[in-house]
Amino acid sequence: MSPITKTDEKILTTLTYVGLTLSIIGIILTIISYALFTEVRQPLSQVRLSLAASPGTGQIIFLAGINAKGDEGVCVAAAALMLYFLMAAFCWMLIEGIFLYFFVVKVYNINGRMVIYHFFSWSFPAFMVSISLIIASAKDGIHSFFSEK
């Protein structure tokens, strides 16, 4: 396997910044369009807004912490927050699947369950990231959450 040249590294860095910027712009436009064109208080709109906001926040954190190579604390915080928001996005995808199942198959009123859905989707990832950080710090130290590169 050949090493990455400086030219390759510059191209990859440019692609990372351009890709993240375009993705964040798309997520912001999605959130704005949902806020303007749907009833935000409806459960499905809340689920989809949260589903868009969680990876968007994770990408903003990644973009802000991408150059935190020298500061170990900032690097670990950025990695933990990115992991949290990515897991929150997966939880919101699960909740949307459950919501659509109840909405289409069971034809069941789930408006009262939104508090439970919000609690699960925002607290379960925090619990899992906390466990991950505890295990990482106990096993090899918190160094497994960051890299010199």
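Student: With a relative accessibility of 15%, does Cys75 count as buried or exposed?
Tutor: First, a caveat: this is a predicted model, where local features need pLDDT of at least 70, side-chain atom pairs count only at pLDDT 80 or more, and totals for chains, interfaces and linings use all residues. Residues are numbered from 1 along each chain as its sequence is written, and side-chain values use heavy atoms, leaving out hydrogens and water. The cut-offs are under 20% relative accessible area for buried, over 50% for exposed and partly exposed in between, with a 1.4 Å probe and protein chains only. At 15%, Cys75 therefore counts as buried.

Student: OK, and how many disulfides does the count come to?
Tutor: Cys91 is buried too, with a relative accessible area of 9%. A disulfide needs a pair of cysteine sulfur atoms within 2.5 Å. By this rule, the number of disulfides is zero.

Student: How far apart are the end C-alpha atoms of H4?
Tutor: Helices here are DSSP runs of H or I with at least four residues (strands are E runs of at least two), numbered from the N terminus. The expected span is 1.5 Å times one less than the number of residues. For the 26 residues of H4 that gives 38 Å, and the distance between the end C-alpha atoms agrees: 38 Å.

Student: Which helix do the buried residues of H1 pack against?
Tutor: H1 runs over residues 6-37 and reaches 46 Å from its first C-alpha to its last, close to the 46 Å expected. Leu20, Ile24 and Ile27 are its buried residues. An α-helix has 3.6 residues a turn, so residues three or four places apart point the same way. The buried residues of H1 pack against H2.

Student: What about H2 and H4: how are they oriented to each other?
Tutor: Axes are lines fitted to C-alpha atoms, for helices over the stretch in contact, with angles from 0 to 180 degrees between N-to-C directions. Under 35 degrees counts as roughly parallel, over 145 as roughly antiparallel, 65 to 115 as roughly perpendicular and the rest as oblique. H2 (residues 43-65) and H4 (residues 114-139) pack at about 10°, their axes 11 Å apart. H2 and H4 are therefore roughly parallel.

Student: Which residues of H4 make that contact with H2?
Tutor: Contact means heavy atoms within 4.5 Å. On the H2 side sit Pro43, Gln46, Val47, Ser50 and Ser54. The H4 side has Met114, His118 and Trp122.

Student: Which residues does Ser50 touch, leaving aside neighbours within four places in sequence?
Tutor: Ser50 is in H2, and at 10% relative accessibility Ser50 counts as buried. With those neighbours set aside, its contacts are Trp92, His118 and Trp122.

Student: And which residues are in contact with Met114, by that sequence rule?
Tutor: Met114 is in H4 and is buried, with a relative accessible area of 7%. What covers the buried residues of H4 includes H2 and H3. Leaving aside neighbours within four places, Met114 is in contact with Pro43, Gln46 and Val47.

Student: Is Glu96 buried or exposed?
Tutor: Glu96 lies in H3 (residues 72-106). Not counting residues up to four places away in sequence, Glu96 touches Leu44, Val47, Arg48 and Leu51. Its relative accessible area is 13%, so Glu96 is buried.

Student: How far apart are the C-alpha atoms of Leu81 and Gln46?
Tutor: Leu81 is in H3 and counts as partly exposed, at 39% relative accessibility. Along the chain, Leu81 and Gln46 are 35 residues apart, and their C-alpha atoms are separated by 21 Å.
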